[in-house]
Amino acid sequence: QVQLVESGGGLVQAGDSLRLSCAASGHTFSLYIMGWFRQAAGKEREFVASISKSGVSTYYPDSLKGRFTISRDDNKNTVYLQMNTVKPEDTAVYYCAADLAATPHGISRLEGSYDYWGQGTQVTVSS
């Protein structure tokens with residue numbers, strides 16, 4: 001069992017930067033692919049970023065490449081999402097998730113592959 005707690009959300013202005021954190025506990029963090037998803041009001045949850053358990057591989061949807069960066073610190077059992085040049089359309093609840101993985105460099109963009117989820121942190125970007 002893994003517990004995930006997101007933090008770092010809040011109200012920011014368009015063009016600002018924001019870093020979200022997700023602290024994990026309860027199991028060996030380094031065994032998991034970690035991912036970030038987001039859900040805007042009235043919309044389905046969408047994939048934001050994934051990082052392999054080795055930290056070597058990352059994956060983003062084309063729409064977010066260059067603005068968002070996922071990273072992990074296994075010593076702190078924490079995964080981060082650096083969000084740069086945020087836009088009003090980035091407004092959403094952001095969730096982190098953990099996927100128990102067999103391969104060291106694999107990533108996943110599929111919600112269904114993730115085993116554990118955090119409660120989410122709200123990010124609101126004003127124009």
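Q: Hi! How many disulfides does the structure hold?
A: One, taking a disulfide as a pair of cysteine sulfur atoms within 2.5 Å. This is a predicted model, where local features need pLDDT of at least 70, side-chain atom pairs count only at pLDDT 80 or more, and totals for chains, interfaces and linings use all residues. Residues are numbered from 1 along each chain as its sequence is written, and side-chain values use heavy atoms, with hydrogens and water left out.

Q: Which cysteines does the disulfide join?
A: Cys-22 and Cys-96, with S to S at 1.9 Å.

Q: And are those two buried or exposed?
A: Both Cys-22 and Cys-96 are buried; buried means under 20% relative accessible area, exposed over 50%, partly exposed in between (1.4 Å probe, protein chains only).

Q: New topic: how many aromatic pairs are there?
A: The count comes to six. Rings of Phe, Tyr and Trp (its six-membered ring) pair if their centres lie within 6.5 Å; planes under 30 degrees apart count as stacked, over 60 as edge-to-face and the rest as tilted.

Q: Why is the pair of Tyr-32 and Tyr-116 edge-to-face?
A: Because their planes are at 70°, with the ring centres 6.2 Å apart. Both Tyr-32 and Tyr-116 are buried, too.

Q: Which residues form an aromatic cluster?
A: Phe-37, Phe-47, Tyr-59, Tyr-114 and Trp-117 form one.

Q: What lies over the face of Trp-117?
A: Arg-45, at 4.0 Å from the ring centre. Arg-45 also lies over the face of Tyr-95, at 4.9 Å. The rule here is that NZ of Lys or CZ of Arg is within 6 Å of the ring centre and within 35 degrees of the ring normal.
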